[in-house]
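Student: I have a chain to go through and would like to ask about its layout and packing. Please show it before we start.

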Amino acid sequence: MSKPSILLVDDEQENINLLANILGDPYELHEARDGEQALDLLRRRELDLVLTDQRMPGLTGVEFLERSRRIRPDCVRMLITAYPDVNDAIEAINRGHVRRYIAKPFDAGELKLAVAQELEHAELARTNRRLREELAAMVRELSR
């Protein structure tokens, strides 16, 4: 089975390096330095989770996440920021369908746990959707 893939989006390379060091081996990591680069990567690759900063030049994290939903609706979206603002959190949830909002500084163990939980949730949702589709197909077949 392949490793879950995660896209790290931040305009500061040091932050990407920190996240990559924390998350490490269990994942296939990809990085982008801005929202447009990240959207391009999402168009080209199947990714399981996006972890993005909020304050970046060009697209904000919320704007990027909102646009990313149209490209990869099943990809888990998480927002991380050093400037927690309740309005940003509300926008992230409403527009970007963010599952988690993480404030910096964060605890490395808590971040790892949050990412693992979100990926597990996404896998369960995919499995449930597949099982519903299989059940519907069986019901249609039995009805014939």
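Tutor: Buried means under 20% relative accessible area and exposed means over 50%, with partly exposed in between, using a 1.4 Å probe and protein chains only. This is a predicted model, in which local features need pLDDT of at least 70 and side-chain atom pairs count only at pLDDT 80 or more, while totals for chains, interfaces and linings use all residues. Residues are numbered from 1 along each chain as its sequence is written, and side-chain values use heavy atoms, with hydrogens and water left out.

Student: Is T81 buried, partly exposed or exposed?
Tutor: T81 is found in strand β4; helices (H or I, at least four residues) and strands (E, at least two) are DSSP runs, numbered from the N terminus. Leaving aside neighbours within four places in sequence, T81 is in contact (heavy atoms within 4.5 Å) with D53, Q54, Y101, I102, A103 and K104. Its relative accessible area is 0%, so T81 is buried.

Student: What pattern does the protein chain follow along the sequence?
Tutor: The protein chain has 5 helices and 5 strands. Read along the sequence, they give the pattern β-α-β-α-β-α-β-α-β-α.

Student: What percentage of the residues in the protein chain is buried?
Tutor: The C-alpha trace spans about 60 × 30 × 30 Å along its principal axes. Of the 144 residues in the protein chain, the buried share is 38%.

Student: How far apart in space are I6 and V50?
Tutor: I6 is in strand β1 and is buried, with a relative accessible area of 0%. I6 and V50 are 44 residues apart in sequence, and from C-alpha to C-alpha the separation is 5.7 Å.

Student: Are α2 and α3 roughly parallel, roughly antiparallel, roughly perpendicular or oblique?
Tutor: Axes are lines fitted to C-alpha atoms, for helices over the stretch in contact, and angles run from 0 to 180 degrees between N-to-C directions. Helix α2 (residues 35–44) and helix α3 (residues 61–71) pack at about 15°, with axes 10 Å apart. Angles under 35 degrees count as roughly parallel, over 145 as roughly antiparallel, 65 to 115 as roughly perpendicular and the rest as oblique. Therefore α2 and α3 are roughly parallel.

Student: Which residues of α3 make the contact with α2?
Tutor: On the α2 side, the contact is made by G35, E36, A38, L39, L42 and R43. On the α3 side, the residues are F64, R67, S68 and I71.

Student: How is α1 oriented relative to α5?
Tutor: The axes of α1 and α5 come within 10 Å and cross at roughly 75°. L19, I22 and L23 of α1 and A108, L111, K112 and V115 of α5 make the contact. The orientation of α1 to α5 is therefore roughly perpendicular.

Student: Which residues does the cis peptide bond join?
Tutor: Most peptide bonds are trans. Here P105 is in the loop between β5 (100–103) and α5. With omega at about -5°, the cis peptide bond joins K104 and P105.
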